[in-house]
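Here's a quick walk through how the parts of this model pack against each other. Have the structure open as you read.

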Amino acid sequence: MNQNVDHILSTRFGRKDGHLLSVYESEEGYQALRKALTQMSPLQVTEAVKEAGLRGRGGAGFPAGVKWGFVPQDADQVYFFVNADESEPGTFKDRYCLDYDPHMTIEGAIISCYAVNANLCFIYIRGEFGWLVDRVQRAVDEAYAAGYLGHNILGSGFDLEMIVHKGAGAYICGEETGLINSVEGRKGQPSIKPPFPAVSGFLGKPTIVNNVETVASVPYIIREGVDAYRQYGTEKSAGTKLWSVSGPVKKPGVYEVPLGIPFRDFFYEYLGGMVEGEELKAVIVGGSSVPVLTASEAMGVNLDYEALAQAGTMLGSGGMIIVPQSADMVELIQVLMHFYFDESCGQCTPCREGTGWLYKIVKRLRKGQGVQEDLDLLDQVCDGMSGLTICPLAYAAVMPMKSFLEKFRPEFGALIKETTPVGPRSRWPMGEQEI
Amino acid sequence: MNKPTEVQAEFSFSGQLQAQFQHIVERYPTRESALMPSLWLIQEEYGYVPPLAVDWLVENLGVSHARVWELLSFYTMFRSEPQAKYVLQVCHNISCHLMGARSIIAHLEKRLGIRLGEKTPDGKFALEGAECLGACGHGPVMQLGKHFYEYLTTEKVDQILESLKKDIVPRADTDRELEE
């Protein structure tokens, strides 16, 4: 398979000079911006993105052009946010975009801002990516100096300011309302929807939040056209997708492939299969928050939104975690439940308490202190968290928990020793404060 | 109103820092929205956000003490106490875990003579666990300052520690500036 043919987003990945404006310009960079500003109306840009079928690549998969269309036409002030708070375990693609090719995201952001009539754009980068904040800032400075940002861009009359904003360590800020609240100078706790940010977001004004990969796809669509973009992928899952692959495969890394290719082909042809001595046990395809697939389930799916939904999981962020046969699934879910417990923002009780309970129940199972009814209790706690919170974080913990329990139940059951006297204990893990 | 003098005695807000602060305030649409970048400005200069700097921000941004402390306590990267010279943060989330993060942490604990979450008595090293750092395909991964050390092995950890003990910060895997 010729891996270079299908590259839209990753042409400069791995190159030493791809982040420089001069290199980007010499490879058709900022041509799309020129075209959009001189030959297209904002509405035409939105329509093109809509027709291209570009869906949000951060996790939800919502059509980007449709989201843009929710901004009221008569809004006096609109804000645009590029979400680079990449924190979903297993995901590291946006980092590649911004590290190797920051101008593609910047160009995409300028075009997107033109489409929704935003004059202030934030690129929100997670704080842990300290070097990346500096790198993107330098690229933004270059774009200002070249006249792609600032006042009267390319003589079009369109003005845009761009601010690189550094996060400070909070998974929840990847949720769009959490991200907006964070830039407003508050805790990154999500707000209830509706109103949706496209109607009332940053400072109460219409605000669009799009993932880096989504934004980076825009220049190609505008420059090459809708049909060119649609030659990749399927009818409903158009275009290419960046997959971040981690775990003991021969070649982990970030891969761009058209949506819809079979996992089996991707696994053997791109990832080279498992490292010597390991066998495939399970795959978490879309970042840690999506339901796990067993090896045999994974071998039967195609990598697109619809096929993965049909298989009972989600494409999510494309953070693919490969789990080997040697892995202890209960230990892995303990690691994940610790993460959600740690990252719950704390404002909704089902999430704040529920994530902690799940973590503590799994932990006591692993300590040999579990009883049979703990397995049902895990399910009950999950049910008490689902759909009852402001944002999807609670559900993001429930999806892996329930699927691990369902598909690998014998591993949980093996930890329960009928003969172990447990002594007086609370059904709920209230007393176990140690974490 | 003698607090600004105290602040200056504590960390002498330099002219350059003042200018950077003004630049932030001019660019951000509200004073509150300028709070997070201002906290970063202070922390990157002093290694943490001293209580007197909080007072200074309250005065200069017109926000409440509660608001500043809210951010300091909510965001894990903001520190309100002096930190060890080298804070090593090892990712222990799922992908790094699968690639051996636990043995890297155990090795660091042994070499530094401290447990996860502790600081060496000389204040030089601190060892912390981190949730997913976004370097999953490069694991195991450790963060130091603005950079990541990736594909860690016990040998690589030893080399990094030896170098840091001599106060030479080894080039990180994410530091590609020299390639330019």
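Helix 16 of chain A crosses helix 17 of chain A in a left-handed way. This is a predicted model, so to speak a computed picture of the packing. The two helices, residues 373-385 and 393-407 of chain A, meet at an angle of about 150°, and their axes sit 9 Å apart. Since angles over 145 degrees count as roughly antiparallel, helix 16 of chain A and helix 17 of chain A are therefore roughly antiparallel to each other.

Who does the touching? On the helix 16 side of chain A, the contact uses A:Leu375, A:Leu378, A:Asp379, A:Cys382 and A:Met385. Helix 17 of chain A answers with A:Ala394, A:Val398, A:Met401, A:Lys402 and A:Leu405. Sorted by class, that contact has 8 nonpolar and 2 charged residues, with no polar ones.

Now for the domains. Chain A is assigned domain 1 (21-230), domain 2 (240-324) and domain 3 (329-413). Between the centres of domain 1 and domain 3 of chain A there are 34 Å, taken over C-alpha atoms. Their contact draws 10 residues from domain 1 of chain A and 7 residues from domain 3 of chain A.

On to the two chains: chain B puts 37 residues into the contact and chain A puts in 47 residues. Helix 3 (35-46), helix 5 (65-74) and helix 6 (94-98) of chain B each give two or more residues to the side touching chain A.

Here is the class make-up of two of these contact sides.

Notes: Residues are numbered from 1 along each chain as its sequence is written. Chains are lettered from A and ligands numbered from 1 in the order in which they are written. This is a predicted model: local features need pLDDT of at least 70, side-chain atom pairs count only at pLDDT 80 or more; totals for chains, interfaces and linings use all residues. Domain bounds come from an automatic or database domain assignment. Helices (H or I, at least four residues) and strands (E, at least two) are DSSP runs, numbered from the N terminus. Axes are lines fitted to C-alpha atoms, for helices over the stretch in contact, and angles run from 0 to 180 degrees between N-to-C directions. Angles under 35 degrees count as roughly parallel, over 145 as roughly antiparallel, 65 to 115 as roughly perpendicular and the rest as oblique. A crossing is left-handed if the near helix is turned anticlockwise from the far one by less than a right angle, and right-handed if clockwise. Ala, Val, Leu, Ile, Met, Phe, Trp, Tyr, Cys and Pro count as nonpolar, Asp, Glu, Lys and Arg as charged, and the others, Gly among them, as polar.
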